[in-house]
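Hi,

Here is the model I promised to pass on.

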Amino acid sequence: MKLFTYFRSSAAFRARIALNLKGIDYEPACVDLRPAVAAHRSAEFLAVNPQGLVPALQHDGITVTQSLAIIEYLDELYPQPPFLPASPVDRAHVRAMALTVACDIHPLNNSRVLSYLRAPLGHDEDAVNTWYRHWIATGLQSLEEGAERLTGDRRHMFGKSVTLADIYIVPQMYNARRFKCDLDPYPTLRAICAHLESLPAFAKAVPEAQPDAG
Ligand SMILES: N[C@@H](CCC(=O)N[C@@H](CS)C(=O)NCC(=O)O)C(=O)O
C-alpha cells in the first residue's frame, strides 16, 4: 500500500495511525504542502486526488481519498483489531466523536481555510489564531463531555480499547498543542491522549517520526 502523506497533515496522521494499528507495512509518498512548494497542486498529484488534499491511499490499483474512507476501507479489509465496537448504539457514539473532529473542527482550521482568512480576506496573524483557537475550544469542550461519559478507563475515548474516536482525537490534540491552545479545560482528553501517544502505533505516526519531517 502507498500512502500519500505530509508529516504535519493531521488527516494523514489519522491514516498513519490506522495503518500502524492494523500492522500494515505501507510505503509513504510525501507530498510537500508548504505554500512555496505546493506539491499537492501539481498535475501529478491532482491525477491521484483531484481535490488536492492528503491523505490518499493506493492499493491494488485503486485510490481511496478522505481519511475516514481510508480508515473504514482498512477496517473492512483487515477486521482485527476492530476500529468500532460491536453494538449499533456504541458504534454511533464512537462515530459521533470522530465526526466532531472530522466535520466540525478540522475543516474550519485546515491550512487552505487559514490561508484564505489571510488573503484575500486580509486578517492578520492574531485574528487567524483567534479563529483557530475558537473552533478548537468549541469542539474540544463537547468532546471532553463525551469522553467523560463514554470512556471506560480514562485511557480511551470510548470503553477500554482503541476505536476510531482515538484515531481522530490524537492528531487534533497534537495540533491544538502546536497552536498553543489552552488545554487545561480538558483533563479527560489530556489523560486519554497521554496514554494513546505512548502506544507504538500512535508514536510511530507522529509528525516528527515521518521521513519528510523538516
Ligand atoms: N476531509 C479530508 C481533509 C483532508 C485535508 O484537509 N488535508 C489537508 C492536510 S490536513 C490538506 O491536504 N490541505 C491542503 C490544503 O489545505 O491546501 C480528510 O479527512 O481526508
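This is a predicted model: local features need pLDDT of at least 70, side-chain atom pairs count only at pLDDT 80 or more; totals for chains, interfaces and linings use all residues.

**Helix packing**

Helices α6 and α8 are roughly perpendicular to each other, a label that covers angles of 65 to 115 degrees (under 35 is roughly parallel, over 145 roughly antiparallel, and the rest oblique). Residues are numbered from 1 along each chain as its sequence is written, and side-chain values use heavy atoms, with hydrogens and water left out.

Back to the helices. The axes of α6 (residues 125-150) and α8 come within 8 Å and cross at roughly 75°. Axes here are lines fitted to C-alpha atoms, for helices over the stretch in contact, with angles running from 0 to 180 degrees between N-to-C directions. On the α6 side, Leu140, Leu143, Glu144, Ala147 and Glu148 meet Pro187, Thr188, Leu189 and Ile192 of α8; contact means heavy atoms within 4.5 Å. Sorted by class, the contact of α6 with α8 has six nonpolar residues, one polar and two charged. For those classes, Ala, Val, Leu, Ile, Met, Phe, Trp, Tyr, Cys and Pro are nonpolar, Asp, Glu, Lys and Arg are charged, and the others, Gly among them, are polar.

Helix α8 (residues 187-196) also packs with α7 (residues 164-178): their axes come within 10 Å and cross at roughly 100°, so α7 and α8 are roughly perpendicular too. Asp166, Ile169, Val170 and Met173 of α7 make this contact with Leu189, Arg190, Ile192, Cys193 and Leu196 of α8. By class, that is seven nonpolar residues, no polar ones and two charged.

**Salt bridges**

There are five in the structure, counting a side-chain nitrogen of Lys or Arg within 4 Å of a carboxyl oxygen of Asp or Glu. One of them joins Glu197 and Arg177, with the closest N and O atoms 3.1 Å apart. Glu197 sits in the loop between α8 and α9 (200-203) and Arg177 in α7, so this pair ties together parts that are 20 residues apart in sequence. Glu197 is partly exposed at 27% relative accessible area, and Arg177 is partly exposed at 39%. (Buried is under 20%, exposed over 50% and partly exposed in between, with a 1.4 Å probe and protein chains only.)

Another one pairs Arg34 with Asp32 at 2.6 Å, N to O. Arg34 is partly exposed at 46%, whereas Asp32 is buried at 19%.

His40 counts as buried, at 10% relative accessibility. Neighbours within four places in sequence aside, His40 is in contact with Val31, Asp32, Leu33, Phe45, Leu46 and Gly52.

As for the strands, β1 (residues 2-5) pairs with β3 (residues 56-59) in the antiparallel sense over three bridges; pairing takes at least two DSSP bridges. Leu3 stands opposite Leu57 there. Strand β3 also pairs with β4 (residues 62-65), again antiparallel, over four bridges, with Ala56 opposite Thr65. Their hairpin has two residues between the strands, and Asp60 takes a positive phi near 55° in it.

Cheers
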